[in-house]
Amino acid sequence: MVRKVKSGNLFHGISGLKNLLSRCYIGLIVLFLYAPILVLIVLSFNRSRSRVTWGGFTLEWYGQLFSNRQIMDALVTTLVLAFLSALIATVIGVLAALGIHAMRQRNYQIMMIFTNIPILNADIVTGISLMLWFVHFMPLGFGSVLIAHITFNIPYVILSVMPKIRQMNVSLYEAARDLGANAVYGFFRVILPQLLSGIVSGFFMAFTMSMDDFVITYFTKGAGVSTLSTMIYGEIRKGIKPEMYALSTIIFVTMFLILLAVNYWPEKKPAVREEQRF
Amino acid sequence: MKKKIVSVITMGVLILSVALSGAGCAKKKAENGSLTIFNYGEYMDPDVIRQFTEETGIEIKYEEALTPEEMYTKYKSGAISYDLLCTTDYMLQRLIQEDELQKIDIGNMEYIGNIGEKYWELAKAVDPENSYTVPYFWGTMGILYDTTKTNGPVDSWEVLFNGDYAGEIVMQNSMRDTYMLALKYLGYSLNSNDEGEMREAQELLIRQKPDVQAYLVDEARDEVVAGNAAMAVVYSGEAYLGNQYNENLAYVIPKEGSNVWLDGWVITKSCDNIEAAQQFLDFLCREDIAMKNFEYIYYSTPNEAVINALSEEDRQNEALVPSDHATDNCEVSMQLSPEANDLMNELWKEFKAD
């Protein structure tokens with residue numbers, strides 16, 4: 001009994017030390033990940049245009065950001081592009097995933113390999129090959145960038161929907177059909193709801209990928225079309241303008257809030273059910 | 001049944017995507033045609049483009065690049081057919097040599113007289129007959145220094161080599177710029193193809209190395225602005241900005257001479273609307289437009305109408321309006337002979353590895 005307590009204390013000491021070390025480790029990782037973003041946020045409030053001198057607090061850059069037509073145009077292009085490409089890729093991706101799932105083992109495996117290739121392929125290869133392809137068929141412009149983005153977005157949708165399809169209970173759909181639902185009704189009322197979480201995460205994944213992309217956009221865009229990433233690239237030569245710090249801060253804060261919302265939302269649901277039960 | 005529905009939906013999606021992409025690339029037909037312009041990033045006031053379209057009805061598709069090499073590659077790939085390019089001296093020279101350009105009818109341009117004689121002379125280094133290039137902006141390389149940290153005059157490359165400011169010097173991390181200033185300090189041409197002269201420059205740079213705090217590119221200016229270094233070798237445009245952040249900074253073009261660069265506009269061979277292209281170039285030379293661009297970019301302008309309209313203080317600023325005697329010994333950098341280029345690469349590698 002006594003010995004047990006002793007060894008418990010010893011363990012407690014070691015695990016305390018381990019705890020401390022792991023906290024330091026996590027602290028360092030978080031610091032390395034977020035310190036640059038913090039610097040960027042601080043710079044967005046800096047009155048001086050320089051990166052190294054602090055000229056006092058200002059909201060000037062936020063004001064200028066919204067009156068800068070170039071940046072606003074690029075932002076709108078980026079968002080429209082991300083939304084459209086994610087939406088279309090989601091529709092195509094979900095249908096493709098259902099189709100691939102219905103295939104026989106061999107074809108299924110072959111198709112999944114084809115799905116993985118665009119993800120593992122270097123962006124620059126995808127970008128240049130798409131550009132070479134487009135040049136023969138259409139003028140480079142918004143349309144070509146959209147098609148390119150849909151192309152690289154589809155695999156992400158398929159990969160996030162596929163596990164949900166495998167988990168899906170097919171008997172439910174069959175039961176719905178037996179009870180008189182037609183195929184369309186059954187698809188929308190029984191199959192889609194079961195896949196919904198996969199579809200949503202696939203959509204957001206595609207949306208983010210499209211917003212993030214520089215290389216493929218750079219090669220497939222036509223003159224006069226610019227997204228945030230290609231615009232910032234053009235700015236490098238003369239130094240990035242503080243308006244971009246402001247915009248990046250807004251994007252970061254928005255994503256942060258969305259993440260918080262997403263993470264705290266589902267936790268409430270079981271609690272509500274619990275209450276209902278009693 | 002299920003198959004049928006899936007195929008119907010697939011068809012719908014395909015039609016939708018084709019329709020959307022069609023709408024996306026449907027061109028707004030401009031009444032007077034359109035121009036595709038390729039320029040460096042942040043190198044023209046966006047208002048200027050808007051104003052040109054308003055005044056002439058010519059639509060402009062505007063594209064930006066970071067380096068001359070990138071422009072060259074994108075232009076040569078032919079994916080987008082550009083009408084007008086703005087690029088830097090040695091790339092202008094290369095495009096002219098490769099017969100990629102069309103002659104500009106300079107005599108017929110209304111505002112071309114605003115470009116000073118001095119700048120046409122500069123442009124002759126790459127375009128000997130002044131028939132392909134309209135000068136846009138230009139600048140020099142020199143020393144940006146903190147007047148509170150230097151004693152005695154800074155007017156020569158010597159301050160970098162005499163050890164007075166050991167540990168306080170920031171050099172450019174770029175091969176051509178580094179050898180340029182060493183060659184100039186030794187009294188040679190910066191376009192020297194001579195092995196002996198290059199080796200002499202190499203020796204000088206190796207001896208200087210312990211005194212150098214860092215070899216940087218874009219951050220060179222910031223180091224002096226922040227007070228981490230007493231002086232840095234920078235381009236004049238950077239120097240002007242540095243001066244805006246920290247008023248103790250000054251810029252000098254060393255008396256031994258330095259590198260002067262020039263950016264100019266050219267009309268490509270693929271341009272089929274030459275009249276509109278010339279109209280645009282003329283527009284850029286107009287005083288109010290050149291002034292807008294100057295106030296957006298703050299590099300030295302070759303437009304004398306703009307220079308005359310500047311404040312006395314700006315006209316005295318060596319980083320904005322270099323005086324004639326300061327640029328007397330300056331040279332435009334040209335392509336080196338292939339052997340000299342290889343040798344310089346070799347020396348630079350040795351120098352950096354050392």
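**View 1. In this predicted model, helix α6(A) passes helix α8(A) in a right-handed crossing.** The two elements span residues 142-167 and residues 183-212 of chain A, respectively, and their axes come within 8 Å and cross at roughly 155°. Angles over 145 degrees count as roughly antiparallel, and α6(A) and α8(A) are therefore roughly antiparallel to each other. From α6(A), the contact takes in A:His149, A:Phe152, A:Asn153, A:Tyr156, A:Val157, A:Ser160, A:Val161, A:Pro163, A:Lys164 and A:Ile165. Facing them in α8(A) are residues including A:Gln194, A:Leu195, A:Gly198, A:Ile199, A:Gly202, A:Met205, A:Ala206 and A:Met209. By class, the residues of this contact of α6(A) with α8(A) comprise eleven nonpolar, nine polar and one charged.

**View 2. Helix α3(A) packs with α8(A) at an angle of about 140°.** Helix α3(A) covers residues 69-101 of chain A, and its axis lies 8 Å from that of α8(A). This angle makes α3(A) oblique to α8(A). The crossing of the pair is right-handed. On the α3(A) side, the residues that meet α8(A) include A:Thr78, A:Leu81, A:Ala82, A:Phe83, A:Ser85, A:Ala86 and A:Ala89. On the α8(A) side are A:Leu195, A:Ile199, A:Gly202, A:Phe203, A:Ala206, A:Phe207, A:Ser210 and A:Met211. The contact of α3(A) with α8(A) holds twelve nonpolar and six polar residues, and no charged ones. A:Leu195, A:Ile199, A:Gly202, A:Ala206 and A:Ser210 of α8(A) meet α3(A), and they also meet α6(A).

**View 3. Chain B is assigned two domains, each made up of two segments.** Domain 1 of chain B consists of 34-138 + 261-321, and domain 2 of chain B of 140-259 + 330-353. A distance of 28 Å separates the C-alpha centres of these two domains of chain B. Domain 1 of chain B contributes 14 residues to the contact, and domain 2 of chain B contributes 13 residues. On the side of domain 1 of chain B that touches domain 2 of chain B, two or more residues each come from α4 (89-97) and β10 (260-268) of chain B. The most is given by α4(B), with three residues. This side of domain 1 of chain B has ten nonpolar, two polar and two charged residues.

**View 4. Helices α7(B) and α8(B) pack at an angle of about 100°.** The helices comprise residues 175-185 and residues 195-208 of chain B, and their axes are 9 Å apart. The angle makes α7(B) roughly perpendicular to α8(B). B:Thr178, B:Tyr179, B:Ala182 and B:Leu183 of α7(B) form one side of the contact, and B:Glu197, B:Met198, B:Ala201, B:Leu204 and B:Leu205 of α8(B) form the other. Seven nonpolar residues, one polar and one charged make up the contact of α7(B) with α8(B).

**View 5. Strand β6(B) runs parallel to β7(B) and parallel to β8(B).** Strand β6(B), residues 169-172, is joined by four bridges to β7(B), residues 212-216. Two bridges join β6(B) to β8(B), residues 231-235. B:Val170 has a bridge partner in each neighbouring strand: B:Ala214 in β7(B) and B:Ala232 in β8(B).

Key: Residues are numbered from 1 along each chain as its sequence is written. Chains are lettered from A and ligands numbered from 1 in the order in which they are written. This is a predicted model: local features need pLDDT of at least 70, side-chain atom pairs count only at pLDDT 80 or more; totals for chains, interfaces and linings use all residues. Axes are lines fitted to C-alpha atoms, for helices over the stretch in contact, and angles run from 0 to 180 degrees between N-to-C directions. Angles under 35 degrees count as roughly parallel, over 145 as roughly antiparallel, 65 to 115 as roughly perpendicular and the rest as oblique. A crossing is left-handed if the near helix is turned anticlockwise from the far one by less than a right angle, and right-handed if clockwise. Two residues are in contact if their C-beta atoms, placed from the backbone, lie within 7 Å. Ala, Val, Leu, Ile, Met, Phe, Trp, Tyr, Cys and Pro count as nonpolar, Asp, Glu, Lys and Arg as charged, and the others, Gly among them, as polar. Domain bounds come from an automatic or database domain assignment. Two strands pair if DSSP finds at least two bridges between them.
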